[in-house]
Amino acid sequence: MDPVELFHQVAATVPAYGRFLAEHQVDPAQVVTFEDFARLPMTTKDTYTRRHPLPDLCRNGVIGDMIAVSSGSTGVPSFWPRSAADERVIADRFEEVLGGSFGARERRTLAVVCFALGTWVGGLFTVACCRHLAERGLPITVVAPGTDRREIARVLPELAPYFEQVVLLGYPPFLKNVVDTEDLPWASWDVKLVTAGEVFSEEWRTLVAERAGIADPVRGIASLYGTADAGVLGNETPLSVELRRFLSARPGTARELFGESRLPTLVQYDPEVRFFEEHEGTLLFSGDNGVPLVRYHIADDGGVIPYEELLGFVRRHGFEPREDGPRRPFVYVFGRSHFTVSYYGANIYPENIAIGLEQPGVSERVTGKFVLEAAEDERRDRHLTVTVELMPGEKPSEETAQAVGASILAQLLRLNSEFAAYVPVPRQAPFVRLREAGDPEYFPPGAKHRYTR
């Protein structure tokens with residue numbers, strides 16, 4: 001993608017962007033080089049999309065043929081027009097995962113969409129992209145039970161035997177919960193998973209692969225990096241998964257590369273259709289969508305790494321990947337920083353806690369969902385508190401609470417150097433509260449889960 005060319009197209013055809021440039025005294029004719037482009041003011045929800053009527057954000061002031069709604073995880077939901085042309089571009093990312101990693105070009109595949117349906121961005125958009133793949137000739141059939149667990153359990157036994165493999169698409173904790181709690185012959189259906197919306201650990205990938213009978217976690221579970229603003233921006237490839245698994249086992253090497261004690265999602269993206277920039281440890285992107293966006297600040301912590309740079313880095317650390325992968329740049333994305341908890345000056349990330357719950361001896365008893373808080377007691381002393389959801393049928397016990405607490409602490413000390421250095425030893429052990437599955441206060445069924453309070 002030529003970002004300068006995109007800029008001129010958007011400036012000429014999108015009414016809101018023309019007004020935005022006028023407000024910032026930018027003359028489009030003066031934007032000629034990439035250096036000119038890189039000096040353009042960033043756009044954000046607050047400075048751009050929320051300040052203009054929806055039609056004015058679209059090309060020629062015309063709303064597209066479909067509207068999706070963001071989940072509004074940090075505030076008010078936003079509306080994002082879409083068109084069939086947007087879907088076709090993003091279907092390429094689905095084709096790379098399903099057709100490439102999962103072999104769906106040659107194998108009859110049942111795609112089971114387990115994202116929320118209705119106005120929310122994930123479900124219907126995924127259905128549309130999968131149908132585009134079928135239109136291209138891939139032997140894919142789509143069924144969309146959404147987040148209705150009973151419907152998933154009803155349709156799978158009826159339909160799965162007619163196919164060579166089954167691909168479940170949904171949010172990581174929801175898919176794990178379905179695999180854990182539905183007594184279905186997962187291994188006999190050759191299950192694969194496509195996830196989006198959350199960072200998960202490599203321990204999670206290994207654990208869920210074992211429970212779902214997925215023989216090769218590298219080629220059987222893939223994450224998409226997507227936003228409501230612009231659809232799917234990048235996807236895991238077998239190469240990116242292999243690199244991430246190498247880095248996961250070496251926290252010091254990962255910290256050297258990413259600058260943090262948490263492991264980000266690592267995907268590859270197509271620079272022909274998306275242009276990424278890094279700004280003070282966060283991501284900007286430009287792309288032609290239902291709402292064309294130029295230097296749009298999406299508030300995701302992360303960065304961009306060229307292909308040769310990342311391969312060179314891991315080779316210097318003694319790793320030679322088996323997969324060549326597409327020779328495209330990488331983008332890495334952390335969970336958003338406003339989901340962290342500050343405790344004695346150390347940033348505690350949900351990703352650190354999750355790995356503690358994915359260890360043998362603990363993972364069998366908990367679902368993986370939790371809520372992280374730095375809670376004050378009556379004396380105004382702060383305590384690191386983790387409320388953990390138990391597996392269905394499990395009851396709270398002191399033994400389980402101690403095992404969970406010890407596992408979380410061990411991973412915090414292994415992964416988070418700030419925690420080990422800043423938090424006094426007597427205050428390091430987390431206070432663990434166990435709740436039964438589906439607890440209405442902390443783990444209401446069907447809701448998109450938030451890991452911090």
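Glu23 sits in helix H2 (residues 15–23). Helices (H or I, at least four residues) and strands (E, at least two) are DSSP runs, numbered from the N terminus. This is a predicted model, where local features need pLDDT of at least 70, side-chain atom pairs count only at pLDDT 80 or more, and totals for chains, interfaces and linings use all residues. Residues are numbered from 1 along each chain as its sequence is written, and side-chain values use heavy atoms, with hydrogens and water left out.

Glu23 counts as partly exposed because its relative accessibility is 41%. Buried means under 20% relative accessible area, exposed over 50%, and partly exposed in between (1.4 Å probe, protein chains only). Leaving aside neighbours within four places in sequence, Glu23 is in contact with Arg51 and His52. Contact means heavy atoms within 4.5 Å. Glu23 and Arg315 are 292 residues apart along the chain, and their C-alpha atoms are separated by 48 Å.

Thr147 lies in the loop between strand E4 (140–143) and helix H6 (149–159). Thr265 belongs to strand E9 (residues 265–268).

| Residue | Relative accessibility | Class |
|---|---|---|
| Glu23 | 41% | partly exposed |
| Thr147 | 35% | partly exposed |
| Thr265 | 8% | buried |

What does Thr147 touch, not counting residues up to four places away in sequence? Thr147 touches Cys114, Phe115, Ala116 and Phe174. From Thr147 to Val178 is 31 residues in sequence and 9.7 Å in space, C-alpha to C-alpha.

Thr265 has its own set of contacts. Leaving aside neighbours within four places in sequence, they are Glu198, Val199, Ser223, Arg244, Val331, Tyr332 and Val333.

## Two helix pairs

Helix H8 (residues 202–212) and helix H10 (residues 238–248) cross at roughly 115 degrees, and their axes come within 9 Å. H8 is therefore roughly perpendicular to H10. Axes are lines fitted to C-alpha atoms, for helices over the stretch in contact, and angles run from 0 to 180 degrees between N-to-C directions. Angles under 35 degrees count as roughly parallel, over 145 as roughly antiparallel, 65 to 115 as roughly perpendicular and the rest as oblique.

H8 brings Glu202, Glu203, Arg205 and Thr206 to the contact, while H10 brings Val241, Arg244, Arg245 and Ser248. By class, that is 1 nonpolar, 2 polar and 5 charged residues. Ala, Val, Leu, Ile, Met, Phe, Trp, Tyr, Cys and Pro count as nonpolar, Asp, Glu, Lys and Arg as charged, and the others, Gly among them, as polar.

H4 packs against helix H5 (residues 121–135) at about 75 degrees, with axes 8 Å apart. The two are therefore roughly perpendicular to each other. The contact of H4 with H5 has 9 nonpolar, 2 polar and 3 charged residues.

## One cavity

The structure holds 1 cavity of 30 Å³ or more. On a 1 Å grid over the protein atoms alone, a cavity is a set of points where a 1.4 Å probe fits but cannot get out, and lining residues have an atom within 4 Å of a point. The largest cavity has a volume of about 40 Å³. Val89, Ile90, Arg93, Val232, Leu233, Asp270, Val273 and Arg274 line the largest cavity. H4 gives the most to this lining, with 3 residues. The lining divides into 5 nonpolar, no polar and 3 charged residues.

Definitions and conventions: 1 Å grid on protein atoms, 1.4 Å probe; cavity = no way out; pocket = protein on both sides within 12 Å on 5 of 7 lines; lining within 4 Å. Points joined across faces, edges and corners; volume = space filled by probe spheres on them.
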